[in-house]
Amino acid sequence: MRKSGLNLIDRLRGRICVIKIRLIGYAQKTRYRHFGELTYIDTPSCKIVNRNHIAIGNYTIVGKFARIEPILNYGNKAFDPLIEIGNNVWINQNFHCTCAGHVKIGDGTSITANCGVFDINHPYEDININPTKANILVAPVEIGQDCLIGMNSVIMPGTTLGRHCIVGANSVVKGNFPDYSVLAGSPAKIIKKYDPSCGKWMKTNPDGSFIR
């Protein structure tokens, strides 16, 4: 009887949690371009602006103190940004994303604590202009499905990560990386790739070629 009672309490708690998430989602749906079922954002700790330029899929969680900012105007330019976050995405605390073009985070991807994803750069070449006052440069970012981004990593403008890419902690990632790659460092380089010919993860040279 005691075990059955505990199971009933656990089920009730689970249902209450689902109801809370549904209520939060319902309240937020009208503000976003898309807001999926059973998706949860830890408000009010997060700073999220211009929500009609953000589309979030189903069963996605955004943790505490996220800062997600589609940029509509900067300097003398106007932008029409879109941040797409897929289904079953897990974003941990202190995430920062600034977007003036297009940032896409694929289904099933996990982003651990203190990471940043940006599609804008502040040019610094003109020494007569404060870099924060110059017109920004924009290059789209795409993170593929089922990726894992390690703690304290930064995904820079113009980066594409393929499916099931693993980014080591404290990495600065810029460039195009194929499916099933492990990369690490600052700047990040490929250190392993999955080799379908042998069904194993193999060490690589920095250019991604296998070390035989």
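**Notes on backbone, charges and surface**

1. At a relative accessibility of 36%, N152 counts as partly exposed, a class lying between buried (under 20% relative accessible area) and exposed (over 50%), computed with a 1.4 Å probe on protein chains only. N152 has a positive phi of about 65 degrees although it is not a glycine, and its place is in the loop between β18 (148–149) and β19 (154–155); strands here are DSSP runs (E, at least two residues), numbered from the N terminus.

2. This is a predicted model, in which local features need pLDDT of at least 70 and side-chain atom pairs count only at pLDDT 80 or more, whereas totals for chains, interfaces and linings use all residues. Residues are numbered from 1 along each chain as its sequence is written, and side-chain values use heavy atoms, with hydrogens and water left out.

3. A positive phi, near 60 degrees, is also found at Y59, again a residue other than glycine. Y59 sits in the loop between β4 (54–56) and β5 (61–62) and is partly exposed, with a relative accessible area of 46%.

4. Two cis peptide bonds deserve a look. The bond from T43 to P44 is cis, with omega near 5 degrees, and P44 lies in the loop between β2 (40–41) and β3 (47–48). The bond joining S186 and P187 is cis as well, with omega about 5 degrees, and P187 is placed in the loop between β24 (181–185) and β25 (188–195).

5. What is the nearest side chain of opposite charge to D119, and how far away is it? It is K174, 11 Å away, and D119 is buried yet has no salt bridge, a term that requires a side-chain nitrogen of Lys or Arg within 4 Å of a carboxyl oxygen of Asp or Glu; in assigning charge, Lys and Arg count as positive and Asp and Glu as negative, while His and the chain ends are not counted. D119 lies in the loop between β14 (116–118) and β15 (120–121), where a polar atom of its side chain lies 2.8 Å from the backbone nitrogen of G101 and the side chain also reaches the backbone nitrogen of H102 at 3.0 Å.

6. The structure holds four salt bridges. In one of them, the side chains of K64 and D42 meet at 3.6 Å, N to O; this pair links distant parts of the chain, with K64 in the loop between β5 and β6 (67–70) and D42 in the loop between β2 and β3, 22 residues apart. K64 is partly exposed at 42% relative accessible area, whereas D42 is buried at 14%.

7. K47, R67 and E69 are linked in a network of salt bridges. The side chains of K47 and E69 meet at 3.6 Å, N to O, and this pair links distant parts of the chain, K47 in strand β3 and E69 in strand β6, 22 residues apart. The side chains of R67 and E69 meet at 2.8 Å, N to O. E69 counts as buried at 11% relative accessibility, while K47 is partly exposed at 43% and R67 is partly exposed at 38%.

Conventions: Helices (H or I, at least four residues) and strands (E, at least two) are DSSP runs, numbered from the N terminus. A polar contact is a pair of N or O atoms within 3.5 Å; within protein, one must be able to donate a hydrogen and the other to accept it, and residues adjacent in sequence count only if both atoms are side-chain atoms.
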